[in-house]
Structure formats: structure tokens, C-alpha cells
Amino acid sequence: MTKHKDTKKESVEAAVEAVEEVVEQVAEQEAEAISAEEESDESANLSLQVAEWQDKYMRLSAEFDNYRKRTLREKMSLIESASEDVIKSILPVIDDMQRAEEANSKSEDITAIKEGVSLIYKKLYGILGQKGLTEIEAVGLPLDTDVHEAIARFPVEEEEKKGRIIDVGEKGYKLKDKVIRFSKVIVGE
């Protein structure tokens, strides 16, 4: 009987070992399934994050494009309104010029014509001065290539005039601090 018990015991032990192996295999398969599921969840989370960032990028890109277009429209509007403002301020000078032209055709008084033209010039220069236009000083100053353009050199006898501007061919102007036309000058040599 002991033999029989030993064989039964061995077969029970073998069965227990077989069951334990099966349980271990099932546990490993479950762990692999859980790991695969976790990887799938992580992959799904990453996919969601990628989609979210892509959406944010697209919205930001569209928002920036709209901002760029809006500022461009505003700039164009500002430029148009600025030129409109200058033109409106010059219209009275144009009216004065028309009246002067009519008066000149009827008048023989040269002094009155000269005074009229002088008043119109002063009015126009005053309006442009209000808009920020200033004349660039030149005569007697040393040549400054930031605001002057030398068109000729002329020999001079006086030592203090050498290297200095002795005459202006065309006046230069600044609008606020920006040179809009360089003074064309003659420099003493």
C-alpha cells in the first residue's frame, strides 16, 4: 500500500505542479494582457495629447494669421487717413492759390501779387511745419552726409570756408526726425 500511496502522492504532487504551472502561465498571460492594456492606454493618452496640441497649434496659427491681417488693415487705414489729413490741411492753400491766380489776371500791381504769393507760401510752409516738416540747415556748416549730399566742390580763398557748405542747390527737409530729402550742397575746397 505504501507503494500505492507513494504513487498517488507522486501523481497528486505532479498534478499540483501541473496546476501551479498552468496558474503561473495564466498569471503571466494576464500580466502581459494588463501590460498591453496599459501600453494601449498610454498610447491612447499620448494620441489624445498629440491631438490636443495639434488643435492648439492650429488655433494659435489661425489667431496669429488673423492678427497679422488685422494689423495690416489698420496700418493701411492709418496711412490713408494720414494722407487725407495732410490733403485736407492743404486745401485752403489751394483755394488761396486759385484766388491769387484770378486776382493776378485782373491786377497790374506787382507789389500786391508778390505779397499775395508770399502770404500763400508762408501759409503752406506753416501747415507743413505743423505736420512735422523742417528745413535742413546747411550754409556755413560742415558737410554731414547724414543730411547733406555734395553735388559740387568749389575752390574758396577763405580758410574758414574750406570743408564747409558755401551754397545750397536744393533745400533738404526732415519729417519729424527722418530725412525725406537730402540737401544738395556745394562744398568749399
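In strand 6, the residue that forms a bridge with E170 is K184. This pair belongs to the contact between strand 3 and strand 6, which run antiparallel to each other and are joined by four bridges. Strands here are DSSP runs of E with at least two residues, helices are DSSP runs of H or I with at least four residues, and both are numbered from the N terminus. Two strands are taken to pair if DSSP finds at least two bridges between them. The structure is a predicted model, in which local features need pLDDT of at least 70 and side-chain atom pairs count only at pLDDT 80 or more, whereas totals for chains, interfaces and linings use all residues. Residues are numbered from 1 along each chain as its sequence is written, and side-chain values use heavy atoms, with hydrogens and water left out.

Strand 6, residues 183–188, also pairs with strand 2, here in the parallel sense and over six bridges. Within this pairing, R153 faces V187 of strand 6, and F154 is placed opposite G188 of strand 6. Together, the three strands make up an open sheet of mixed pairing, in the order 2-6-3. Strand 2 (148–154) and strand 3 (165–170) are the edge strands; each has a single partner strand, so one side of each lacks a neighbour in the sheet. From one strand to the next, the twist averages 30°; the angles run from 0 to 180 degrees between N-to-C directions, and the axes are lines fitted to C-alpha atoms, for helices over the stretch in contact. In a regular strand, side chains alternate between the two faces of the sheet.

Attention now turns to helix 1. This helix spans residues 2–106 and contains S89. S89 counts as buried because its relative accessibility is 17%, where buried means under 20% relative accessible area, exposed over 50%, and partly exposed in between, with a 1.4 Å probe and protein chains only. A polar atom of the S89 side chain lies 2.7 Å from the backbone oxygen of V86. When neighbours within four places in sequence are set aside, S89 is in contact (heavy atoms within 4.5 Å) with I127 and K131.

A14 is likewise located in helix 1. Its relative accessible area is 43%, and A14 is therefore partly exposed. Between A14 and D96 there are 82 residues of separation in sequence and 122 Å in space, taken from C-alpha to C-alpha.

Technical notes. A polar contact is a pair of N or O atoms within 3.5 Å; within protein, one must be able to donate a hydrogen and the other to accept it, and residues adjacent in sequence count only if both atoms are side-chain atoms.
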